Amino acid sequence: MVVPLTELDTGEKGRIKDISGERRYLSRITSIGLNVGCEIEMLQNVKSRPLLVFGRDTMIALNRSESKHILVEVL
Amino acid sequence: MADEIKVALLGQPNSGKSTLFNTLTGAHQHVGNWPGKTVEKKDGYFVHGSRKYLVSDLPGSYGLSANSDEEVITRDAIAGEDADLVCVLADASQLERNLFMLADIAGIRTPLLLVLTMIDVAEDQGKKIDVELLAKRLNIPVTAIVAPDKKTYGDFFEKLDQALNHPTLLDTTALFRLFSEGESKALYAEALELVPKTGIDRFSKEWLAIKLLEQDEVVSAKIAVKAGIEPVRKFVSAAKDGALYAGDCKFAWIETVLDGVAVKTKEPSKLLTRFDRAAIHRFWGKPIAIGIIILGLIMSMIAAAPFMGVAALIPSSLGSLIGRLTDFGVSQDLISFINSTVVLALSWTISMLGFVFGINLVFGLIEEIGYMARVSYVFDHTMSKLGLQGKSVMPMLISVGCTIGGAAGTRVVDSWGQRILTIALVWAVPCGATFAVIPTLATAFFGWGGILVMILLFLIMFLHIFITAKIFGRTLSPVAERTGLIMELPPYHKPRWGAMFMMTLNRVWEIFKKAFVIVFIVSVLFYFMSYSSSGDVEGSFLYRVGRTIEPVTKIFGLGWQTFLAFVASMVSKEAVLGVLSAIFAGSGNIFSSTVGIAKADANLASLVTSEISKPEALAFMVAVTFNVPCLMALSSTYQESHSLSWTLKIALYYIATALILSMITFHAARLFF
């Protein structure tokens, strides 16, 4: 099942299938370590807070609205 | 010195780059700005063996794309003709993610040294790294250190020499092969066709092609000059997923490089500690952050106490020492001049340094531990409305205690532009001294209505912050460059008290030298402006100016008396009561009232209420609250911004807005009183 990252619940794991957005966003998200194929775990997903995911050995906070364009396959 | 070697430090945030820079250069640092840019430039030097190393601490970013001025400056500095060596730093405990910087620099033909930091943390987590194998695969020297611990630097210095004696370039064959064999190989081949065959300066053709693939605006513009605007534009618009492809290739390369190099010997322990669960909690996160900041403020005050003690003793001890100069025939006037300028400037500067020291030490440690990133996370939603990152909430809270500390606290804010914006907003927060002065006046004029005055001031504060954020944000945090939060919350680290203590002390000494001069000059100016041979207010230059321009100040609702007090409040907020007292009760001259030597008259309340109308009083309170906070806050702002022009811009803006607010208040209040 493929869903936007914002719909991955706290504690769920997923693999990034696709990221879309403008160039700046793509290069920023890639340079922090999140790219297609990367496995992540949702650490916290609560309203009006940035998402908090665990990926590539660290915790990463991500803006909510931009994260809608990250599609993940729920594992 | 035989050789001067230019070394640049490059690394992602939290890679230990600044720690390495501070440990290497110690007190030999210079912090300024890149010419014409809102980006901080940190340089320093150290001597090792027969060489003098000029080190520059490049701005921290996650990569080398043209996303910000920081990144463009960084890559131009790396590829500059005079760069002898670039040290790429990578956190050994998160090597895969941190090596992205190395993959991004690949193809820039500058010799490299890879420095793995936090090797102790990696070992704790059961990650073993084969440094030799890594060096062989990359074809550059690799060394592992614990950045805050200079005892671990032995191998670093050896490899540094090796890298300089036998400069080598990173082996990029495997990386570029991935690009030319992957699924978007056609696009990459097309990019290679567009770029100059020999590259541009130190940027190789492959590096340029990859950046073109990533739709990098700066590189596109450069290539367009050579290959023509139309073909480049056509290519770039076709390369929609180029950035993703480049990211995939880079991480694929990192994975092959690290295969067999980094070995996990045990699984990581729990991802979130119990403290972290609370620190990021949706209800508890904010109260915990505010609690920790307040606790930090209290600790800072304790750390500042020794400085404060010394500062408080200076006027009496040094003053009486200078007083003895009369025995040598020095005139009383000269002695009083020295006491009122040099001695006072010394005392004030030292007490300011107390704040700066305490705040830098305590919040520097909280930052080093990794907690400030959590604050950034929980306050991101709130502060982003002002164009700021979540961390900016800390200086603003500190400002309720003291604006000097608030300005000093902005050091934890990562980008220079946002730091200056935060300072500009921090000034609008009424400080402890304002809370000491305004309620006294408010109660004198309005009795219980004084509470309403305080509420009014808070409402104005929110409006002020909102408007100031809009005005200053336009250049300091342009909306077009504002991006949603993408930030690492690093694992907690053990704080290094000793290293942080020494570093802060070093820094404070640097600040002292500069700040003392500023405070001294302003003291002298103010001394002469308020000097009166008779000792009465009427004899001073300020009085004559105040009287002359009274028709103008009246427009803002201020008579010459309140206007004088308004001017004095720029030097110190506590001055207001003393100056009013000097004017209305003749309890001393303006200077000594401003600098706190003369105390406010006991009957001040009844005196001022009979002399000042209610609308004027209200306008005055607003003007004073939102005036330049104090001379030391001004000085502290200059220290943090290292930009005289921005410091003056902020100061003039505050004087102007205080007067405008005063005018509005005065005319509005006249409708009621």
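Start by selecting A:Arg56 and B:Glu255: the two form a salt bridge, with their closest N and O atoms 3.6 Å apart. Keep in mind that you're looking at a predicted model. How many salt bridges are there between chain A and chain B? The count is 5.

**Where the chains meet**

To see the whole contact you'd need to colour 34 residues from chain A and 45 residues from chain B. Between them, the two chains bury about 3600 Å², and 57% of that is on carbon and sulfur atoms.

**Into the sheet of chain B**

Look for an open sheet of 7 strands with mixed pairing; reading across, the order is β2-β3-β4-β1-β5-β6-β8. Which strands are at the edges? They are β2 (29-33) and β8 (142-144), each pairing on one side only. On average, neighbouring strands in this sheet are turned by 25° against each other, direction ignored.

Select residues 51-57 of chain B next, which is strand β4. Of its 7 residues, 6 are buried, so the strand is largely enclosed by the rest of the structure. On one side, β3 (residues 40-48) of chain B runs antiparallel to β4(B), joined by 7 bridges. Click B:His48 and you'll find its bridge partner in β4(B) is B:Arg51. These two strands make a hairpin with 2 residues between them, and B:Gly49 in the turn has a positive phi of about 60°.

Then try β1(B), which pairs with β4(B) in the parallel sense over 7 bridges. Here B:Leu9 has B:Asp57 as its bridge partner in β4(B). Strand β1 (residues 3-11) of chain B is also joined to β5 (residues 85-91) of chain B, again parallel, through 5 bridges. Pick B:Gly11 to see it standing opposite B:Leu89 in β5(B).

**Into the core**

Bring chain A back and select A:Leu5, A:Leu34 and A:Leu62. In the largest nonpolar core, which has 155 residues, these three touch the most other members. Helix α16 (residues 332-369) of chain B gives the most to this core, with 17 residues. Zoom in on A:Leu5: beyond its close sequence neighbours, its contacts include A:Ile40, A:Leu51, A:Val53 and A:Val72.

Last stop: B:Ala79, B:Val88, B:Leu194 and B:Leu258 are among the 68 residues of a second, separate core.

Key. Residues numbered from 1 in each chain as written. Chains lettered and ligands numbered in written order. Predicted model: local features only at pLDDT ≥ 70, side-chain atom pairs only at ≥ 80, totals over all residues. Heavy atoms only, no water. Core = buried A, V, L, I, M, F, W, Y, C linked by side-chain atoms within 4.5 Å. Buried < 20%, exposed > 50% of the residue type's maximum accessible area, 1.4 Å probe, protein only. Helix = DSSP H or I, 4+ residues; strand = E, 2+ residues; numbered from the N terminus. Contact = heavy atoms within 4.5 Å. Pairing = 2+ DSSP bridges. Axes fitted to C-alpha atoms, helices over the stretch in contact; angles between N-to-C directions. Buried area = accessible area lost by both parts, 1.4 Å probe. Salt bridge = Lys/Arg side-chain N within 4 Å of Asp/Glu carboxyl O. Lists of a residue's contacts leave out its neighbours within four places in sequence.
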